[in-house]
Amino acid sequence: MPNRAYSPKCSTCRQRTMALSSMPYSVKINHDGREYDIDIPSLSVPTCSNCKAFVLDDEANNEIDRAFRHHASLLTPAEIRSGREKLGLNQQAFAQCFGIAVSTLSRWETGSQIQQRFHDGILRAFFAMPDLRTFLAKLHGVLSATNGARATISMPASAPR
Ligand SMILES: [Zn+2]
């Protein structure tokens with residue numbers, strides 16, 4: 001990233017000696033009742049050349065987040081959003097299909113909350129299986145809410161099952 005913003009001043013030794021540096025970084029992340037060991041071979045972080053203190057800024061935290069999602073095989077926020085948009089569903093209708101709050105979906109799509117493995121699996125199935133979309137839309141009464149929102153989720157003319 002060209003304009004990574006961080007303070008040049010070290011909060012530990014108070015020298016203006018902070019500069020980007022790469023280092024191996026390991027962290028344990030608890031998510032959804034499991035502990036994940038995340039190892040990043042080369043994490044770029046603002047580091048003090050004087051006392052070696054470093055800070056995990058937003059970009060470093062995003063990198064850790066990406067590594068965690070990859071390790072745990074969880075959809076990224078962008079994948080959730082683009083999957084929803086490809087189906088022509090707004091957040092309201094999409095959340096309703098899963099019986100979750102729009103605010104929850106919104107947090108998944110911004111990355112401020114990481115979906116549970118259970119929800120991740122349902123999301124993947126929903127994206128992959130038209131029958132499941134129809135089933136859930138019917139189950140949660142979403143059909144009326146998606147009028148005008150492309151036909152992906154509309155009921156087949158001869159509804160089976
Ligand atoms: Zn320092």
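Biologist: Why is Lys28 called exposed?

Modeller: Lys28 has 8 other C-beta atoms within 10 Å. A value of 8 meets the limit of 12 or fewer, so Lys28 is exposed. This is a predicted model, in which local features need a pLDDT of at least 70 and side-chain atom pairs count only at pLDDT 80 or more, whereas totals for chains, interfaces and linings use all residues. Residue numbers start from 1 along each chain as its sequence is written.

Biologist: Where does Lys28 lie, and which residues is Lys28 in contact with beyond its neighbours within four places in sequence?

Modeller: Lys28 belongs to strand 1. Helices (H or I, at least four residues) and strands (E, at least two) are DSSP runs, numbered from the N terminus. With neighbours up to four places away left aside, the contacts of Lys28 are Glu35, Tyr36 and Asp37; a contact requires C-beta atoms, placed from the backbone, within 7 Å. Phe68 is 40 residues from Lys28 in sequence, and their C-alpha atoms are 9.5 Å apart.

Biologist: How do you know that the span of helix 1 agrees with its 15 residues?

Modeller: The expected span is 1.5 Å times one less than the number of residues. For helix 1 (residues 58-72) this gives 21 Å, and the end C-alpha atoms are 21 Å apart, so the two values agree. Helix 1 is followed by Ser73, which is not a glycine but has a positive phi of about 55°. Ser73 is located in the loop between helix 1 and helix 2 (77-86).

Biologist: Is Ser73 buried or exposed, and which does Arg14 count as?

Modeller: Ser73 has 10 other C-beta atoms within 10 Å and is therefore exposed. Arg14 has 11 such neighbours inside 10 Å, so Arg14 counts as exposed. Arg14, in the segment before strand 1, has a positive phi of about 70° although it is not a glycine.

Biologist: Which residues touch the most other members of the largest nonpolar core?

Modeller: They are Ala93, Phe94 and Cys97, in a core of 15 residues. Helix 3 (91-98), helix 4 (102-110) and helix 5 (117-128) each supply at least two of its residues, and helix 3 gives the most, with four. The term denotes a set of buried Ala, Val, Leu, Ile, Met, Phe, Trp, Tyr and Cys residues joined through C-beta atoms within 7 Å. Beyond four places in sequence, Phe94 touches Arg84, Leu89 and Leu105.

Biologist: Where is pLDDT below 50?

Modeller: The chain averages a pLDDT of 88, and 87% of residues score at least 70; pLDDT is the predictor's confidence in each residue, from 0 to 100. Residues 144-152 fall below 50, with 15 contacts in the model beyond near neighbours in sequence. Residues 155-161 also stay under 50, with four contacts beyond four places in sequence.

Technical notes:
A residue is buried if 20 or more other C-beta atoms lie within 10 Å of its own, exposed if 12 or fewer, and partly exposed in between; C-beta atoms are placed from the backbone. Two residues are in contact if their C-beta atoms, placed from the backbone, lie within 7 Å.
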